[in-house]
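The sequence and the model come first.

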Amino acid sequence: MEKMLISNDSKKAARMINELQEKCNKMNQVIQSVFNSNDIPLTAENFQMAIFYPQKIESVYYATLNEKIRSFPQVLQVTARQEAEYAVSSILKKLNSFELTYTDKQYIVLSGTTCKVNEDAIKESCKRYLTDAKEIEVYNNIQEAANALNKLFKGDIPLNWINIFRAENGKLIVNNGLNFDYFVNRK
């Protein structure tokens, strides 16, 4: 199948990459800090969970807590679990502060416990291709017409350029009332 690139918005791609890289940098820093300060194991699985499913970190936190306080007296275990509610609330608030959109999540690549931007995927998403042979033919015909008009206008497109044509019997024809001298003698 033939594929024809018709646009490439590299500025949009660069902007998207920069914005998402800032979010990744923040996530890399905050997740490591939150995990370290709350004794949550910094594993690839937990890191992924923190980004894509932050609510699930609550169960990881409680599993880690329960393992630590298992040998404590019952009274201390209850107190520790009550205090843990505040910690969980704080953890979830920080993890939910990333405000990742569905689109952001499509362009994030995880490497162990590091979040990275899939730059190639973003660049590709900012390109537009035609793949249908008939669409490509239409595009080429329109491009040919644009080239002919550009040759006629020589970089000075008149505001009323559309008036050089008239429609007759379902076809465009030259407007016979056109001031042809304008196109011949302009500088």
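What is the mean pLDDT of the protein chain, and what share of its residues reach 70 or more? The mean is 90, and 99% of the residues reach 70 or more, where pLDDT is the predictor's confidence in each residue, from 0 to 100. The model is predicted: local features need pLDDT of at least 70, side-chain atom pairs count only at pLDDT 80 or more, and totals for chains, interfaces and linings use all residues. Residues are numbered from 1 along each chain as its sequence is written, and side-chain values use heavy atoms, with hydrogens and water left out.

Confidence is lowest in helix 8 (residues 180–185), at a mean of 78, and highest in helix 6 (residues 119–125), at 97. Helices (H or I, at least four residues) and strands (E, at least two) are DSSP runs, numbered from the N terminus. Where pLDDT is low, the predicted coordinates should not be read in detail.

**Helix 4**

Helix 4 covers residues 74–96, 23 residues in number. From its first C-alpha to its last, helix 4 reaches 32 Å, close to the 33 Å expected at 1.5 Å a residue; the expected span is 1.5 Å times one less than the number of residues. A kink of about 25° is centred on Glu85, the bend at a residue being the angle between axes fitted to the seven residues ending there and the seven starting there.

The buried residues of helix 4 are Gln77, Ala84, Ala87, Val88, Ile91, Leu92 and Leu95. Buried means under 20% relative accessible area, exposed over 50%, and partly exposed in between (1.4 Å probe, protein chains only). These buried residues pack against helix 1 (10–37), helix 2 (44–52) and helix 3 (57–69), with contact meaning heavy atoms within 4.5 Å. Ser89 also lies in helix 4 and counts as partly exposed because its relative accessibility is 47%. Between Ser89 and Ser7 there are 82 residues in sequence and 46 Å in space, C-alpha to C-alpha.

**Salt bridges**

Side chains of opposite charge can pair when their charged atoms come close. How many salt bridges does the structure hold? There are five, each a side-chain nitrogen of Lys or Arg within 4 Å of a carboxyl oxygen of Asp or Glu. The table gives some of them.

| Lys23 | Asp104 | 2.6 Å |

Lys23 is partly exposed at 26% relative accessibility, whereas Asp104 is buried at 13%.

Lys68 belongs to helix 3 and Asp39 to the loop between helix 1 and helix 2, so their pairing ties together parts 29 residues apart in sequence. Lys68 is partly exposed, at 42% relative accessibility, and Asp39 is partly exposed, at 45%. In the remaining tabulated pair, Glu124 is partly exposed with a relative accessible area of 36%, and Lys127 is partly exposed with 29%.

**Nonpolar cores**

In soluble globular proteins, nonpolar side chains tend to be buried together. A nonpolar core is a set of buried Ala, Val, Leu, Ile, Met, Phe, Trp, Tyr and Cys residues joined through side-chain atoms within 4.5 Å. The largest such core here has 35 residues, and those with the most contacts inside it are Met27, Ile31, Ile51, Ile57, Tyr61, Ile108 and Ile122. Helix 1, helix 2, helix 3, helix 4 and strand 3 (114–117) each supply at least two residues of this core; helix 1 gives the largest share, ten residues.

Leaving aside neighbours within four places in sequence, Met27 is in contact with Gln32, Phe47, Ile51, Phe98, Leu100, Ile108 and Cys115. Apart from this core lies another, of five residues, among them Leu149, Ile164, Leu178 and Phe183.

Asn46, in helix 2, is buried, with a relative accessible area of 7%. Not counting residues up to four places away in sequence, Asn46 touches Phe35, Ile40, Pro41, Ile57 and Val60.

**Positive phi values**

Most residues other than glycine have a negative phi, and most peptide bonds are trans. Asp39, whose place is in the loop between helix 1 and helix 2, has a positive phi near 55°. Glu99, in the loop between helix 4 and helix 5, has a positive phi near 50°. Glu99 is exposed, with a relative accessible area of 64%.
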